[in-house]
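Please look over the sequence and the structure before reading on.

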There are 2 protein chains.
Amino acid sequence: MSSFSKTARNRVKRLSKRAAYDRAVIYPIVDEALICHVGFVQDGQPLVIPMIHARDGDTLYLHGAKASRLLKHGQSDQPLCITATLLDGIVFARSIFHHSMNYRSAVLFGCGRLVAAEPEKLRALEVLAEHIARGRWRDVRQPSRKELNATSVVAVSIESASAKVRSGPPLDDEEDYALPIWAGVLPLEQRALKAIDDPRLVEGVAVPEYAIHLFRLS
Amino acid sequence: MSSFSKTARNRVKRLSKRAAYDRAVIYPIVDEALICHVGFVQDGQPLVIPMIHARDGDTLYLHGAKASRLLKHGQSDQPLCITATLLDGIVFARSIFHHSMNYRSAVLFGCGRLVAAEPEKLRALEVLAEHIARGRWRDVRQPSRKELNATSVVAVSIESASAKVRSGPPLDDEEDYALPIWAGVLPLEQRALKAIDDPRLVEGVAVPEYAIHLFRLS
């Protein structure tokens with residue numbers, strides 16, 4: 001794991017003490033997030049769309065009905081910006097000015113290309129399925145050729161990236177610490193609740209291990 | 001509450017049966033989300049940044065260290081795209097092809113302008129504070145003139161918008177329903193845990209009502 005070079009594109013401009021350029025900081029954020037927000041430009045207008053993603057080394061796969069829309073006229077090499085954010089808490093300070101959020105966010109830059117070859121498409125779908133729930137890929141009906149053709153997957157070579165992290169208590173102005181105002185952190189977590197069986201589930205089919213637990217996702 | 005007209009900009013291109021253009025659908029999603037992802041264009045490169053937001057009628061206020069970066073050279077009328085996404089569940093289908101997420105997302109379009117007048121900036125900060133925790137504004141030390149000057153708030157007049165919602169069980173191909181594969185939904189929720197007092201809190205200051213409960217946020 002190495003670092004991305006700081007360039008005009010990925011340099012964190014404000015509060016740069018919270019910034020990181022190491023893959024070892026950036027990639028765990030990408031991998032923990034269940035969705036990402038993908039930004040692209042269409043006729044000068046920015047568009048931001050939530051999508052399912054999964055990382056395979058320095059490649060990020062994006063999946064969704066709109067995947068092909070990320071690429072203008074099906075053309076490759078459209079610049080994309082992909083942001084994954086994990087919200088960890090609300091930071092209540094004594095002054096309104098120092099209120100904040102505890103979060104971990106990763107911003108990735110690269111160009112998108114439509115995955116065309118069947119072996120790479122299959123690999124991408126496997127990585128995407130396993131990102132959502134490890135073990136799912138081997139449990140499900142594999143895609144037919146027709147389904148594979150109907151599926152758009154975009155691959156992004158991660159050329160540049162940065163992360164930004166805030167954690168810990170509020171940081172108030174020194175003179176404000178004496179104020180009788182409550183300050184602290186309200187931690188936030190994203191959790192999964194009890195799995196709900198599909199109404200048409202074949203009788204006797206058990207919920208798999210990866211969907212049983214009320215696990216904490218972030 | 002009325003609808004936004006469908007135009008080339010906000011029209012949901014794929015799976016349009018999940019789309020909505022009514023303020024009555026779009027705005028509750030914006031209001032429930034604790035953060036949004038703001039997209040803008042800088043020298044042809046899309047950028048997506050997580051930010052704190054709050055809505056005041058048809059105006060969206062954006063706050064954050066980077067707010068001013070949204071506006072090129074401080075210029076107003078930069079086109080922005082602001083997306084708020086609430087993740088409600090993971091949808092496990094029998095086939096890999098029909099896996100999905102249950103979610104509610106809102107995509108807003110408008111141009112940003114830096115809020116300069118002090119009364120509007122104060123109003124924006126109040127709306128932002130109340131969006132995070134209703135009742136917080138009156139509890140905290142109000143901003144000084146110096147802090148107000150150091151605060152960047154961007155106002156976006158919401159010109160166009162759309163929402164997309166998926167809910168309910170997976171939708172498999174008819175012949176797949178007989179397969180002995182578990183299918184269903186793993187509901188997701190974002191929760192707040194027990195509030196953590198700041199280590200330097202004045203003794204005897206109680207956690208306010210709005211931060212006591214392990215409330216469900218989405």
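## Pairing across the interface

Strand β9 (residues 184–192) of chain A and β9(B) pair in the antiparallel sense over five bridges, where two strands count as paired if DSSP finds at least two bridges between them, and where strands (E, at least two residues) and helices (H or I, at least four residues) are DSSP runs numbered from the N terminus. Within this pairing, E189(A) has R191(B) in β9(B) as its bridge partner.

This is a predicted model, in which local features need pLDDT of at least 70 and side-chain atom pairs count only at pLDDT 80 or more, while totals for chains, interfaces and linings use all residues. Residues are numbered from 1 along each chain as its sequence is written, and chains are lettered from A and ligands numbered from 1 in the order in which they are written.

The contact between the chains involves 82 residues of chain B and 82 residues of chain A, two residues being in contact if their C-beta atoms, placed from the backbone, lie within 7 Å. Among the elements that give two or more residues to the side of chain B that touches chain A are β5 (78–92), β6 (100–114) and α2 (118–132) of chain B, but β9(B) gives the most, with nine residues. The composition of that side is tabulated below, with Ala, Val, Leu, Ile, Met, Phe, Trp, Tyr, Cys and Pro counted as nonpolar, Asp, Glu, Lys and Arg as charged, and the others, Gly among them, as polar.

| Class, side of chain B that touches chain A | Residues |
|---|---|
| Nonpolar | 54 residues |
| Polar | 13 residues |

The same surface serves both copies, since 100% of the contact residues of chain B recur in chain A.

As for confidence, the predictor gives the complex an ipTM of 0.92 and a pTM of 0.92. Chain A has a mean pLDDT of 90, with 91% of its residues reaching 70 or more, pLDDT being the predictor's confidence in each residue, from 0 to 100.
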